Amino acid sequence: MPKVKYVLLDCDNTLCLSERLAFEACADLTNELLEKHGKSERYTVDKLLEEFVGQNFRGMLTNLQKIHNFQLSSEELEDYVKKELGAVTAKLSEKCKECPGATAELVKLKEQGYPMAVVSTSAKPRVVASLHKVGMEKFFPDELVYSAATSLNPPSSKPDPKIYLYACEQLGVKPEECVTVEDSRSGATAAMRAGIPLIGYVGVYGIEDGKERMDQMAKTLTDDCKADAIMYDWK
């Protein structure tokens, strides 16, 4: 088997423990929007995580409109996307931590000569804020951070594979020449659809939800998303 030409890494809950913080920041905005449009449903942070993990806020709002049968104007959608980005970026800049052991393994990958890039569904300012807070910016300069919400026109969201295909095109590699690490069904599905070999990282579920949830996600990423390997710990 030839050496991998690029290691492509998801950021949220793969490199950085950022998903729960992000959903904490956007829960109030989500419920405000539902109330504004006369909908009785309200979301807790845990419910948002369960239903929308791996999607960016734009993708989440698109799905919320379908689920609850209401419609946002383009101006209103852009306004809420902007509000959410500001709230989330501020929280991540203050509180984000790395997924345990990630930095040590990135050092090893770099020493072994593997080029690396971040391929995220989240808006680039949010991703960059997380990377800077945990000290990973030295591995991922801005030009090696690709965002489905920011790098693409029009914006997209995993499980759409467009951001992976775009990153491969920009890096000058074929999808099958790479390997990626993803923690969510949404992200793993995007990788699968792009034809990129996948490592499913489930360690974060053990940290936040317990072993049963971790094993459940390992099965999901293997059976549904065709992960080539499961990583329980960055070590």
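Asn-69 is exposed, with a relative accessible area of 64% (exposed means over 50%, buried under 20% and partly exposed in between, with a 1.4 Å probe and protein chains only). This residue sits in the loop between helix 3 (57-68) and helix 4 (74-95), where helices are DSSP runs of H or I of at least four residues and strands are runs of E of at least two, numbered from the N terminus. Although Asn-69 is not a glycine, its phi is positive, at about 55 degrees. The model is predicted, so local features need pLDDT of at least 70 and side-chain atom pairs count only at pLDDT 80 or more, while totals for chains, interfaces and linings use all residues. Residues are numbered from 1 along each chain as its sequence is written, and side-chain values use heavy atoms, with hydrogens and water left out.

A positive phi, of about 65 degrees, is also found at Asn-13, again not a glycine. Asn-13 belongs to the loop between strand 1 (6-9) and strand 2 (16-17), and it counts as buried at 4% relative accessibility. Most residues other than glycine have a negative phi, and most peptide bonds are trans. Two cis peptide bonds are described here: Asn-153 to Pro-154, with omega near 5 degrees, and Lys-158 to Pro-159, with omega near 20 degrees. Pro-154 is in the loop between strand 5 (145-147) and helix 7 (162-171), and Pro-159 lies in the loop between strand 5 and helix 7.

The count of disulfides comes to 0, a disulfide being a pair of cysteine sulfur atoms within 2.5 Å. The sulfur of Cys-11 has its closest cysteine sulfur in Cys-16, at 3.9 Å, which is too far for a bond. Cys-11 is buried, at 0% relative accessibility, and Cys-16 is buried at 0% as well.

The protein chain as a whole contains 10 helices and 8 strands. Its radius of gyration is 17 Å, close to the 18 Å of the globule rule for 235 residues, so the chain is as compact as a globular protein of that length; the radius is taken over C-alpha atoms, and the rule is 2.2 Å times the number of residues to the power 0.38. The C-alpha trace spans about 55 × 40 × 35 Å along its principal axes. Of the 235 residues, 54% count as buried. Among contacts (heavy atoms within 4.5 Å) between residues at least 6 apart in sequence, 70% join residues at least 24 apart.
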